[in-house]
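Biologist: Could we go through the strand pairing in this model? Please keep the answers plain.

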Amino acid sequence: MRRGLLCLLMLIAGAAPLQVAAQSSRQLAGCRDRRQALRDALADIQRRQRNVGLSGLVMLGGETVIAENLGYADLENQVPVTNETRFGVASITKAFTGLALLKLHEAGRIDLDAPIQRYVPAFPVKPAGVITPRLLAAHLAGIRHWGNERNAALYARHFDDVNDVLALFKDDTLVASPGTKMSYSSYGYNLIAAAIQSASGARYQDYVNREIISKLGLANTGFDDVRRVQPHRARRYSYFDPWTFAVDSNAVYRVPDWDYSHNMAGGNMYSTAADLARFGRAIERPGLLSKESLDLLYRRPRVGAVEATMSFGFFVSDSAAPHRLLNIGGSNAGLQSGLFVFPDEDLVIVVLANTWGIGSNSGEMNGVLLSRLAAICMGWPQPPPVK
């Protein structure tokens, strides 16, 4: 009798994992069956936006379902996009900075709620309120975004030390009192990087390389330096004049090799679709980060009645969303990037392009397109088209 009861209990305990495994297997098979539809969605936006080059990847359950490369990494020399093509990823850089901050918090070396001056004493105390690493990560600190300082002189200057970036904004008045309003700021993430550098005792770039890039084996990911030769670098193109933003649908501009090191921690990295997929999958479960850090990452920060949509470098879906999602996208002159992570489905989607294409200012490339690819893969309802 006891033996029969024990067998029954074991069967009941094992039923749920077996059901989950079977469901995952069916989902993967379904996504494989829809490979052509995934490729068609990428080809469609490539055609409509007239992008020079594009790389898209869909990974489900750790399997790369598609890795699609379209067009050219270098139009002048007819160099095609390949799996090794390194694209600028713009604001996806913030995801690396956010995770680096969480790792230092895990190690007990950064208090997320301490005044930022504990780590960056050169940053002035602001009369409007106390700025903390947690507020900076959520864009709740009131730090401004870009102004007219982003000119030819700045694009020609290289910053080796993130502390040198602070002079561009540290004395400016806050756009809002800390904790009262979400105000997106790349400068805020550079201030986080200065805190990371101080607390870790290593250069910000070296800490990210050591604790994230190297640990995940991201061989084609790093911080860009346009002064240096970089293998497999994608050149950048635009149908918008890079200075005036006027549209010329009849001619594609070659975007200058501008230096984005003034945004070292918010938009100056390069990567490949495969590397970003591996990076995205690393935050689905504990490993690179602890469970406690992942709980922070997947939770929308709140200060009183104010809720931020971004946590530590990723936008976070709200509690009403049908599927949990972390996502981050980026755009600089001549590039678009998007990374979506659905942890419960073990689904990661990456799209990278080296063009500001026709209609790219809609944000479709790093938002709706990835939602569409997820829906195709999983058999979910399709998102509405971009108008």
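Biologist: In which sense do strand 2 and strand 3 pair, and over how many bridges?

Modeller: Strand 2 and strand 3 (residues 79-80) pair in the antiparallel sense, over 2 bridges. Strands here are DSSP runs of E with at least two residues, numbered from the N terminus, and two strands pair if DSSP finds at least two bridges between them. The model is predicted, so local features need pLDDT of at least 70, side-chain atom pairs count only at pLDDT 80 or more, and totals for chains, interfaces and linings use all residues. Residues are numbered from 1 along each chain as its sequence is written, and side-chain values use heavy atoms, with hydrogens and water left out.

Biologist: Which residue stands opposite Val-79 in strand 3?

Modeller: That is Asp-74. The hairpin of strand 2 and strand 3 has 4 residues between the strands, and Gln-78 takes a positive phi near 55 degrees there.

Biologist: And what about strand 1 and strand 2, how many bridges do they have?

Modeller: Strand 1 (residues 53-60) pairs with strand 2 (residues 63-74) over 8 bridges, in the antiparallel sense. Leu-57 faces Ala-67 in strand 2. These two strands form a hairpin with 2 residues between them, and Gly-61 in the turn has a positive phi of about 60 degrees.

Biologist: Changing topic, what is the strand order in the open sheet of 3 strands?

Modeller: The order is 4-8-5, with antiparallel pairing. Strand 4 (87-88) and strand 5 (222-223) are at the edges with a single partner strand each, so one side of each lacks a neighbour in the sheet.

Biologist: Which residue of strand 8 does Phe-223 stand opposite?

Modeller: Phe-223 stands opposite Met-269. Strand 5 and strand 8 (residues 269-271) pair over 2 bridges in the antiparallel sense.
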